[in-house]
Every structure is written in C-alpha cells, then in structure tokens.
Amino acid sequence: MGSGIFFTFPMVLLLVLLHHHLCLSAVADDDGDAIVSRFQEYLRINTVQPKPDYYKAVDFINSQAKSLSLESQTIELVKGKPLLLLKWVGSDPTLPALLLNSHTDVVPFEESKWTHHPLHAHVDHRGDIYARGSQDMKCVGMQYLEAIRKLQASAFRPLRSVYLSFVPDEEIGGHDGAEMFVQSQVFKSLDIAIVLDEGLPSPAESYRVFYGERSPWWLVIKAKGPPGHGAKLYDNSAMENLLKSIESIRRFRASQFDLLKAGGTAEGDVVSVNMVFLKAGTPSPTGFVMNLQPSEAEAGFDIRVPPNVDSEALERRLVEEWAPAARNMSFELGQFKQKLSGEPLLTAADDSNPWWRLLETAVKEAGGRTSKPEIFPASTDARYFRKAGVPAFGFSPISNTPSLLHDHNEYLGKAEYLKGINVYVSIIKAYASFESKIGSRDEL
Ligand SMILES: [Zn+2]
C-alpha cells in the first residue's frame with residue numbers, strides 16, 4: 001500500500017462544507033470590497049472648487065446608473081456645470097416622487113496638513129477612507145446608488161418614482177446648481193413630494209437629522225476717519241471707530257457662545273458670529289507705513305441666523321451698534337442674506353409630517369436611531385427645495401464619527417459607509433412604498 005492521502009466520507013463532507021463556507025464569505029467580502037472601491041473611484045475624481053471636473057464625475061455616476069438601468073439625463077443650466085438627473089421609475093406614476101439630492105463638488109484642501117493625499121482615497125489599517133468628500137458628500141451620493149443596487153437585487157420595485165440629482169456648485173452657494181434646478185421647468189415637471197439632502201456626521205451612536213437652516217449674513221463693516229500722524233491721539237479715527245464696532249460684535253458673540261457652552265442649546269439655535277477678515281493700514285514697500293493712522297478700515301464677519309431669531313432686531317443692532325453712521329461707519333450685507341419675513345423655511349419634523357415618521361421608523365428598522373431634529377448650523381442646497389415649498393430633510397447616515405467637513409483629514413470608516421447603505425435601503429424602501437398622495441400637486 002502506498003502512503004497516499006485518503007479521505008474518509010465524513011472528512012470529504014467536512015471539506016465540502018468548509019469550501020462552501022469559504023466561498024460564501026469570499027463572495028460577501030468581494031461585495032464589500034467592490035462597494036468600497038466604487039466609492040474610492042468617485043472620491044478620486046477631482047471635483048475640488050474652484051475648478052471641479054464635473055464632466056468626469058457625471059460620466060462616472062452615469063456609468064453606475066447604466067449598471068442599474070436607471071433613466072438618465074444631463075442638464076446644463078449653466079455651461080460647464082452639468083447636473084445629472086437619474087430616475088428609478090415607480091409603478092404608480094400618479095404618486096409624487098422622492099428626490100435624493102447630493103452635490104458633486106468638494107471644498108479645497110491644504111495637502112500638507114493631511115496624513116494621506118485627499119484625492120487618493122487611501123484606506124488605513126483601521127479601515128478609514130481618507131478623502132475630501134468622504135463625508136461631504138460623495139459618500140451620500142454613492143450610498144443612494146448602492147442602496148438602489150441592493151434593493152434591485154432583492155427584487156424590490158418602487159411604487160413611486162425615485163429621482164437622484166447630482167448637482168454642481170453647492171460649495172460656492174448653489175446658485176448655478178440646486179437653486180437654478182429648483183427654478184427650472186424640469187424640476188417643476190417632476191412632482192417631488194420629499195427631498196433628502198446632506199446632514200452632518202454624529203460623534204454619537206444616533207444619526208442627526210436637519211429640518212431647517214440658519215441664514216448666512218455675510219457682513220462687511222467699513223470705518224472712515226481723518227488720516228493722522230501715528231503719534232497723535234485723537235477721536236474718530238477709522239481704526240478707533242472700527243475697533244469700537246468689533247468690541248460690540250465680540251460682546252454679542254460671547255453672549256451667544258455662552259448659551260452654547262451652558263448646554264441645552266443646540267449649535268443651530270444660536271447666532272454664530274465670526275470675524276473672517278480685517279483690512280486696514282497703508283502699504284509701504286516693506287510692509288505698512290508705521291507713522292500714519294489710515295483713513296479707512298474694514299472687517300468682515302460670517303454670521304449665521306437661526307430661523308427662530310428676530311432678524312429685524314438683529315438688523316437694528318447692526319445699524320445702531322455695529323455700524324452706526326454717527327461713527328462714520330457703513331456696512332454691506334452679502335448676497336446670501338435672507339430676510340425671514342413670511343414663513344420660515346422649515347420642514348415639520350414631528351408626527352404631523354408622515355415623511356418624518358417614515359424616516360424615523362426606517363432608520364430604526366435598519367438598526368439605527370435618529371436624535372432630536374436640529375437646525376443645520378451652516379447652509380445646504382436643502383434651503384432651495386424648502387423655499388419652493390418642497391419638504392426636505394438633511395441626513396447623512398454617519399454615526400460614531402467626528403464631523404470633519406471642510407477640515408483636514410476628512411475620513412469615513414468602511415464599516416460606517418456600508419452600514420449607511422443599509423440605512424438608505426430601509427428609507428428608500430419605506431418612502432418608495434408609501435401609498436399616500438400627500439405632497440402631490442393634485443392634492444393642492
Ligand atoms: Zn456638502
């Protein structure tokens with residue numbers, strides 16, 4: 001008898017089972033890897049402001065859409081700024097549709113401050129994917145598509161149509177992107193009942209949801225005064241006048257910050273004020289002239305006003321205390337300033353809104369939890385949809401992760417990304433199956 005290897009029957013069975021098991025887990029891993037590598041591919045496309053390669057992004061998303069048999073159209077409301085609109089056709093065309101919005105552009109970065117190159121989408125040993133846009137918001141755009149892929153694989157068919165918009169320019173105000181889209185005939189013809197747009201990562205276990213936003217007031221105050229010798233003490237110099245205003249604004253800032261520090265008040269519920277530039281002095285070849293007090297000085301502030309704040313009172317404060325004409329002061333408010341007269345742009349986030357209930361339940365069914373709905377501390381495209389009377393929630397399914405939007409070393413964990421896809425599976429399923437005609441134009 002030779003000494004060859006030979007298997008008894010139970011051993012063969014065990015090996016067959018073992019082989020089968022290995023194959024299954026290999027398939028599962030491959031699936032996760034493929035999902036993550038599609039995400040990396042999108043992250044590596046350079047859509048950094050101010051020169052985003054929108055066409056490359058649109059081509060890539062379009063290739064994904066093709067693999068999912070989604071209807072697709074590229075809309076160029078402004079030349080060079082394509083907007084991609086995809087549609088997963090629902091079986092009941094009389095029902096108003098769901099819109100999943102995301103922006104394709106990202107903010108710039110300081111490469112030297114990053115551990116890994118922000119356009120390489122490097123995955124580190126912990127499974128964290130480092131890239132500009134990993135949180136804001138290429139993740140969300142791809143997660144929508146991956147969720148649809150999963151739903152299709154499970155043979156789910158939507159009752160109402162699901163649209164996906166990939167819009168340009170959000171990071172520079174959205175005027176040539178979502179704002180124009182909302183005003184276009186194309187958008188009006190879609191009959192959208194509810195929009196989902198970006199939110200913020202949560203450092204805790206629960207997900208954050210946003211139902212409104214603070215209004216940005218970009219304020220520039222200018223002071224004028226007589227020029228004077230650097231050695232002379234006198235009243236009403238431009239520098240003195242500006243400093244008095246800065247002191248007043250800083251006191252107001254401190255009062256708001258104190259509310260936040262005391263706890264119990266959310267970031268989106270206080271007025272934030274931050275000085276973003278100071279411009280003064282008389283330039284000389286070596287820097288600034290030192291023995292001359294300049295006749296003009298100005299400072300810029302980024303102010304964010306919550307919807308529940310009396311904006312007229314704030315404007316009075318601006319006119320009377322921060323830039324009083326009596327002190328040779330003038331001011332300009334940036335183009336973003338929105339007066340809060342009329343309806344505040346809020347989407348009901350309580351039981352009166354079935355979309356809220358569906359969202360809350362769907363997240364729960366996916367094993368997650370939503371925290372108390374909040375006012376978004378900055379701005380997103382959601383405000384344009386709300387302004388058009390379409391309810392919109394800001395939501396990014398990222399928990400247990402520090403918020404690194406616009407920061408160095410923006411990252412998202414692989415596991416968190418994959419978990420987020422399942423959250424969208426649950427939400428899209430719930431929204432696309434909802435039979436009520438609520439939100440339809442027929443209803444109005
Ligand atoms: Zn964003």
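Reader: What makes Trp-114 buried or exposed?

Author: This is a predicted model. Trp-114 has a relative accessible area of 7%. Buried means under 20%, so Trp-114 is buried.

Reader: Why is Phe-109 called partly exposed?

Author: The relative accessible area of Phe-109 is 22%. The buried class stops under 20%, and the exposed class starts over 50%. The value falls in between, so Phe-109 is partly exposed.

Reader: How do you know which kind of pair Phe-109 and Trp-114 form?

Author: A pair of aromatic rings is described by the distance of the centres and the angle of the planes. The centres of Phe-109 and Trp-114 lie 6.3 Å apart. Rings pair if their centres are within 6.5 Å. The planes stand at 65°, and edge-to-face needs over 60 degrees. Therefore Phe-109 and Trp-114 are an edge-to-face pair.

Reader: How many aromatic pairs does a search of the whole structure find?

Author: The search finds 15. One of the pairs is Trp-88 with Phe-156. Their ring centres are 6.1 Å apart and their planes are at 65°, so this pair is edge-to-face.

Reader: What makes the pair of Trp-88 and Phe-156 a link between distant parts of the chain?

Author: The two residues are 68 residues apart. Trp-88 belongs to strand β2, while Phe-156 sits in the loop between α3 and β6. Both Trp-88 and Phe-156 are buried.

Reader: Which residues form one aromatic cluster?

Author: Tyr-144, Tyr-207, Phe-395 and Tyr-424 form it.

Reader: What lies over the face of Phe-257?

Author: Lys-261 does, at 4.1 Å from the ring centre. The distance limit is within 6 Å. Lys-138 lies over the face of Tyr-42 in turn, at 5.2 Å from the ring centre.

Reader: Why do β1 and β17 count as edges of the sheet?

Author: The open sheet has eight strands, in the order β1-β2-β6-β3-β7-β18-β8-β17, with mixed pairing. β1 and β17 each have a single partner strand, so one side of each is left without a neighbour in the sheet. Neighbouring strands are turned by 30° against each other on average, direction ignored.

Reader: How do you know that β7 pairs with β3?

Author: Four bridges join the two strands, which run parallel. Pairing needs at least two bridges. Leu-100 stands opposite Leu-196 in β7.

Reader: What joins β7 to β18?

Author: Three bridges do, again in the parallel sense. Leu-196 has Phe-393 in β18 as its bridge partner.

Reader: What makes β7 mostly covered?

Author: Six of its six residues are buried. Helix α8 lies across β7, β8 and β18, and runs at about 25° to β18.

Reader: How do the axes of α6 and α7 cross?

Author: Two packed helices are described by the angle between their axes and the distance between the axes. The axes of α6 and α7 come within 10 Å and cross at roughly 145°. Ser-245, Ser-248, Ile-249 and Phe-252 in α6 meet Leu-314, Arg-317, Glu-321 and Trp-322 in α7. By class, this contact has four nonpolar, two polar and two charged residues.

Technical notes:
Residues numbered from 1 in each chain as written. Predicted model: local features only at pLDDT ≥ 70, side-chain atom pairs only at ≥ 80, totals over all residues. Heavy atoms only, no water. Buried < 20%, exposed > 50% of the residue type's maximum accessible area, 1.4 Å probe, protein only. Axes fitted to C-alpha atoms, helices over the stretch in contact; angles between N-to-C directions. Contact = heavy atoms within 4.5 Å. Nonpolar A, V, L, I, M, F, W, Y, C, P; charged D, E, K, R; others polar. Phe/Tyr/Trp six-rings, centres within 6.5 Å; stacked < 30°, edge-to-face > 60°. Lys NZ or Arg CZ within 6 Å of the ring centre and 35° of its normal.
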